[in-house]
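Hi,

Here's the structure I said I'd pass on.

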Amino acid sequence: MDNKTKIPSKAPPELLTDRFGRRLNYLRVSVTDRCNQRCAYCAPYSEKFKNREDILSFDEITRLVSLMVSMGVEKVRLTGGEPLVRKDVTDLVSMLKDAGVKDLSMTTNAVLLERFASTLTLNGLNRINVSLDSLNPEKFKLISGGGDIVPVLRGIEAALGVQHHHLLAVAQHFDGGPLGLIVPAGHGGEGLGDQRVRANLHP
Ligand code: SF4
């Protein structure tokens, strides 16, 4: 075969790097700007949300993430707003796992987690990060714009039930202490945070 008839080989996609040449393998995807809480530091009541047609569809997100995976991205975190208020977001979890995301996680306020914890896990979500400002019900209510902590704690409990071999982290920004980590017992932790959540749910 002479040079003229050679079929040019398709160059493999370049790996993503920053300007210092370091590999980038982590991507955060905001799936909605909506939320079911109104935290004082984040979401003013006057806020206007984007029109549905102005946000990426699940197919579009999956195409973009697939491209990123081919360029070396291994970890993807779904965020919002609150990702669980996006209709059928559990389907997106399946689509992204099928697209080859190795480590798929979600940051959530956990208000709807009790309903979705099992399906999220079944569909391939690897980790859940719960953003929780306080375990004190009154403080929580104040910070979250009138929110009720009970569904949040139930959501965490449900996730602990189905995510038993994964880390579940709870950040307590406003309780003054260090970050509270929920590590299911037997997986590098003694379940300290787990006990605190359960103590608040079942005093
Ligand atoms: S739960 Fe998170 S996204 Fe929702 S209003 Fe509070 S800080 Fe903002």
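Before the notes, one cut-off: I call two residues in contact if their C-beta atoms, placed from the backbone, lie within 7 Å. Bear in mind that this is a predicted model.

I started with helix α3, residues 113-122. Its buried residues are Leu113, Phe116, Ala117, Leu120 and Thr121. They sit on the same side of α3, because they cover an arc of only 130° around the axis. As for what covers the buried residues of α3, the list includes α2 (89-98), β3 (103-108) and α5 (149-162). After α3 comes Gly124, which has a positive phi, near 115°.

From the α5 side, take Val162, which lies in that helix. Leaving out residues up to four places away in sequence, Val162 touches Ala117, Ser118 and Thr121. Val162 and Thr119 are 43 residues apart in sequence, yet 9.4 Å apart in space, C-alpha to C-alpha.

Around it are Cys35, Gln37, Arg38, Cys39, Cys42, Ala43, Gly80, Gly81, Glu82, Asn109 and Ser131. Sorted by class, that shell comes to four nonpolar, five polar and two charged residues.

Over to you!

Technical notes: Residues are numbered from 1 along each chain as its sequence is written. This is a predicted model: local features need pLDDT of at least 70, side-chain atom pairs count only at pLDDT 80 or more; totals for chains, interfaces and linings use all residues. A residue is near a molecule or strand if its C-beta atom, placed from the backbone, lies within 6 Å of it. Ala, Val, Leu, Ile, Met, Phe, Trp, Tyr, Cys and Pro count as nonpolar, Asp, Glu, Lys and Arg as charged, and the others, Gly among them, as polar. A residue is buried if 20 or more other C-beta atoms lie within 10 Å of its own, exposed if 12 or fewer, and partly exposed in between; C-beta atoms are placed from the backbone. Helices (H or I, at least four residues) and strands (E, at least two) are DSSP runs, numbered from the N terminus. The arc is that of the directions from the helix axis to the C-beta atoms.
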